[in-house]
2 protein chains.
Amino acid sequence: MTLTSADPVTDGPGAVALLDRTRTAVDPQIRSTVETLPGSIRRVAMYHFGWEDADGTPAAGQAGKAIRPALVLAAARALGAEEARAVKAAAAVELAHNFTLLHDDIVDEDPTRRHRPTAWTVFGIPDALMAGDAMNALALRLLAEDPHPASAAATARLAACVIELCAGQQADCAFETRGPREVSLDECVAMATAKTGALLGCSCALGALYAGAGEEEVAALDSFGREAGLAFQLIDDLIGIWGDPERTGKPAGADLVARKKSLPVVAALTSGTAAGEELAELYSRTAALDERAVRAAADAVERAGGRDWAQAQAADRMGRAVEHLARAVPDLSAAGDLLALAEFVTRRTR
Amino acid sequence: MTLTSADPVTDGPGAVALLDRTRTAVDPQIRSTVETLPGSIRRVAMYHFGWEDADGTPAAGQAGKAIRPALVLAAARALGAEEARAVKAAAAVELAHNFTLLHDDIVDEDPTRRHRPTAWTVFGIPDALMAGDAMNALALRLLAEDPHPASAAATARLAACVIELCAGQQADCAFETRGPREVSLDECVAMATAKTGALLGCSCALGALYAGAGEEEVAALDSFGREAGLAFQLIDDLIGIWGDPERTGKPAGADLVARKKSLPVVAALTSGTAAGEELAELYSRTAALDERAVRAAADAVERAGGRDWAQAQAADRMGRAVEHLARAVPDLSAAGDLLALAEFVTRRTR
């Protein structure tokens, strides 16, 4: 599950207002940039962002929650920049994020995104693939064409981040074909860092670059976003096992049904405990896991210490995130929005 | 068929020496750049470039013919730049080209490239797709990180070109699902321009940018490359119908067997002649075309004027290419290498 695939959240009113404001500031830039795409590819992109229906009819639009653009703008503000000057950078990270969603949906064969059929199911794989390719280049083009002095450094940084995202997604796919005893916890953390942490970190780093920050501050903001991103992933993985079906809209233990090698699962599998072995046995079965087996698997993750480990890790990562932030923004009152966003993504209850 | 899918050529000794020299100058840069990719993705890329076998064993390497990097370096030289300073730009266009090959092979379900199994058949679609995504970003990253003053303009220009390439490939796929009377010649020319001309044009433009040329010269070099690229595509399409199987390594009329809507075919289909109607009827059949039907189709293209049109167009496009070149490089003796490369790609006999 990715941030944007979740339902609209109701917790964290400060962050919600911040996200609303971000969408108001950044959506027009994203949209006008997408509208520069050649016709056939623009159609797929407009559909993906929810601005058009499959037949090209204008739609209300329900793009993502704009966490990443909000981090860009909040990081820029925290370091004293005018938010308006970083709007293109904010739009660029959201374009890059959405390019990965277009391609991830193809690779994962996901049928729905944001409560609508995914682009590849509507337009076919070639069109969705090419639209993603074009959006990848479009994100970098927007940065490269920005007359802001941070343009070149930001372009190179986002390009490096995209490469890391691809490696993370590649590792995630590779884990699926490996046996339950064949993925180490370090590999799993590295995958989650690349797949989820990298772009949150890059978003914060771009905000810092656009504020004219020095290398150390940029690196600290990147680390803040990465650690917060990993904390988010840990919480998201816990929800994937113990989330309330009524609130998540998914069956109980959805990640266990799919035998996902999520962080708490791999922590349990690699725990060297008897419960870890029970879980490995359940994950090795060829038949589908019924309700009882899913409950047994969740119980095994818990007895093997996977649940406690993930909760402790999430808290630890958030602690590290704040330490990194404090290095770059000693007066944490200026970083209130960044903290609110980090807490928002990790305190989601569904 | 793309430039690099053809057999090594034997004609045009001047151009061949130029391409050899280009590979010597640029391959180490491409390779060291590819080697910065994260492990799993690097493996796919190293295989695709022929530097490693599927199991990671070092291989002799049989990458492409390096037409695009050669155009970058020749354009830079023609406008008075030191070739060495444009090596990163030359490597970047070749990386961009190869990202499109990785994805085109997936979309077109092509089993072989450069006499080896395609990456997606060896590593699976997810890995090949992610490697292509990463290579797209890597090409732009290489330009964005280049300290050369043309870096930003070149990055933006290559990104814009990638978007055009995607639109061209998208159109090409879309043509396949349309009936023989449903593709206009203008659409077909626009597709070929985007899919083949754009990157040859961009290669020349990047060379000009790296030589510090002004906007008009850059645009003229771009037009030179585009027109030469379209001439190449026309010739390639003629070979796809009338090429000698002994020399092309493909069955006679390969493009007709596949019912490709290539340029001479669409010229015939839209000719308003009785022969054009015969061709449309053959293309509308649901059964496979046997040898006799393929001969009849080739004959219909010829009688409908498709062959003559394509030959005349190729000559016309080459004429226009030279005119554009003369605008930017009034002393054409300085542009000898660019002319040799343009003639090389259009005079291929297989």
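A cavity is taken here, on a 1 Å grid over the protein atoms alone, as a set of points where a 1.4 Å probe fits but cannot get out, and its lining residues have an atom within 4 Å of a point. This is a predicted model, in which local features need pLDDT of at least 70 and side-chain atom pairs count only at pLDDT 80 or more, while totals for chains, interfaces and linings use all residues. Residues are numbered from 1 along each chain as its sequence is written, chains are lettered from A in the order in which they are written, and side-chain values use heavy atoms, with hydrogens and water left out.

**Cavities**

The count comes to 10 cavities of 30 Å³ or more; a volume is the space filled by probe spheres set on the points, which are joined across faces, edges and corners. The largest cavity holds about 130 Å³. Its lining comprises 15 residues, and Asp236(B), Ile239(B), Gly240(B), Lys250(B) and Asp255(B) lie nearest its centre. Helix 9 of chain B supplies the largest share of this lining, five residues. Helices are DSSP runs of H or I with at least four residues, numbered from the N terminus. By class, the lining of the largest cavity has five nonpolar, five polar and five charged residues. In this scheme Ala, Val, Leu, Ile, Met, Phe, Trp, Tyr, Cys and Pro are nonpolar, Asp, Glu, Lys and Arg are charged, and the others, Gly among them, are polar.

The second largest cavity has a volume of about 80 Å³. Among its 12 lining residues, Tyr47(B), His48(B), Arg113(B), Arg116(B) and Pro117(B) lie nearest the centre.

**Salt bridges**

Over all chains, 42 salt bridges are found, each being a side-chain nitrogen of Lys or Arg within 4 Å of a carboxyl oxygen of Asp or Glu. Three of them are listed below.

| Salt bridge | N to O distance |
|---|---|
| Arg77(A) and Glu83(A) | 2.2 Å |
| Glu227(B) and Arg320(B) | 3.9 Å |
| Glu302(B) and Arg307(B) | 3.2 Å |

Glu227(B) lies in helix 9 and Arg320(B) in helix 15 (residues 306–328) of chain B, so this pair ties together parts that are 93 residues apart in sequence. Glu227(B) is buried at 12% relative accessible area, whereas Arg320(B) is partly exposed at 33%; buried means under 20%, exposed over 50% and partly exposed in between, with a 1.4 Å probe and protein chains only. In chain A, a network of salt bridges links Arg21(A), Arg77(A), Glu83(A) and Asp337(A).

**The two copies**

Note on methods
Helices (H or I, at least four residues) and strands (E, at least two) are DSSP runs, numbered from the N terminus. On a 1 Å grid over the protein atoms alone, a cavity is a set of points where a 1.4 Å probe fits but cannot get out, and a pocket is an open set with protein on both sides within 12 Å along at least five of seven lines; lining residues have an atom within 4 Å of a point.
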